[in-house]
Amino acid sequence: MRTHLDPSELGTKQYWDDAYAREIANHAQDAQDEGTIWFDDSGAEEKVIERLEALEDEGLLSKDDSRILDLGTGNGHMLFSLLDEDWAGELVGVDYSDTSVKLARQIAASRSEEGASVRFEEWDLLNHQPGEWLAEGFDAVLDKGTFDAISLSSETDAQGRRICESYREHITPLIKPGQFFIITSCNWTKDEVMNWFVAPDGELKFFDEAKYPTFTFGGQQGQSVCTLIFQRRLN
């Protein structure tokens, strides 16, 4: 039996619409102010890029043509960082907040990224079908705090389940068979994330994880953030 997080305003679309509206105004006044970088204090973005580059070293991804999707892209910083590290395949960022998408596009324009292979689209992954940007799927699908936010929503689906319950079934078809889903969470432990995404008859299997500094509390070791990599089965 899975546990659930107590609902929070961070699980509401209104919260994120308001947050990104403020960041749009701030960026308009100062182009250097690109907004919040989630998990910046733990270096999670760098950890994700390290794991992507390790997959490239193993011949499982390619900087030249791997397609990467950023779920809940926010200000797009994750994808801009990939551009800075010479990832030249198609990069797509999606978010259910139209103000997020407006912000990411505004930052892309200010960074002169219009000609780069990066695009941002408004999309509610739990309620809408993907657009033509899905094509044949992605080689890597990234989630840096999006499942965390969805887990804080009090909304329920048609079956009466908290909406986070259906997250796995919605994201799995986005991943090409044999390719990767990389999730970073501060609300769930490694074991809890495993419980959410790995099932005996499921399509996702654990592949690898990023290493973070650990702490000891009450005689137990832990870390404040976890980044796990799952691979979609070939059949």
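This is a predicted model: local features need pLDDT of at least 70, side-chain atom pairs count only at pLDDT 80 or more; totals for chains, interfaces and linings use all residues.
View 1. Local features require pLDDT of at least 70 and side-chain atom pairs pLDDT 80 or more, whereas totals for chains, interfaces and linings use all residues. Residues are numbered from 1 along each chain as its sequence is written, and side-chain values use heavy atoms, without hydrogens and water.

**View 2. Centre of the largest pocket.** The space in the largest pocket is about 820 Å³, taken as that filled by probe spheres set on grid points joined across faces, edges and corners. A pocket is an open set of points on a 1 Å grid over the protein atoms alone, where a 1.4 Å probe fits, with protein on both sides within 12 Å along at least five of seven lines; lining residues have an atom within 4 Å of a point. Among the 44 lining residues, Trp 16, Gly 145, Thr 146, Ala 149 and Ile 150 are the closest to the centre.

**View 3. Cysteines Cys 164 and Cys 226.** The whole structure contains zero disulfides (cysteine sulfur atoms within 2.5 Å). For Cys 164, the closest cysteine sulfur, in Cys 186, is 15 Å away, too far for a bond. The sulfur of Cys 226 also has that of Cys 186 as its closest, at 9.0 Å, again too far for a bond.
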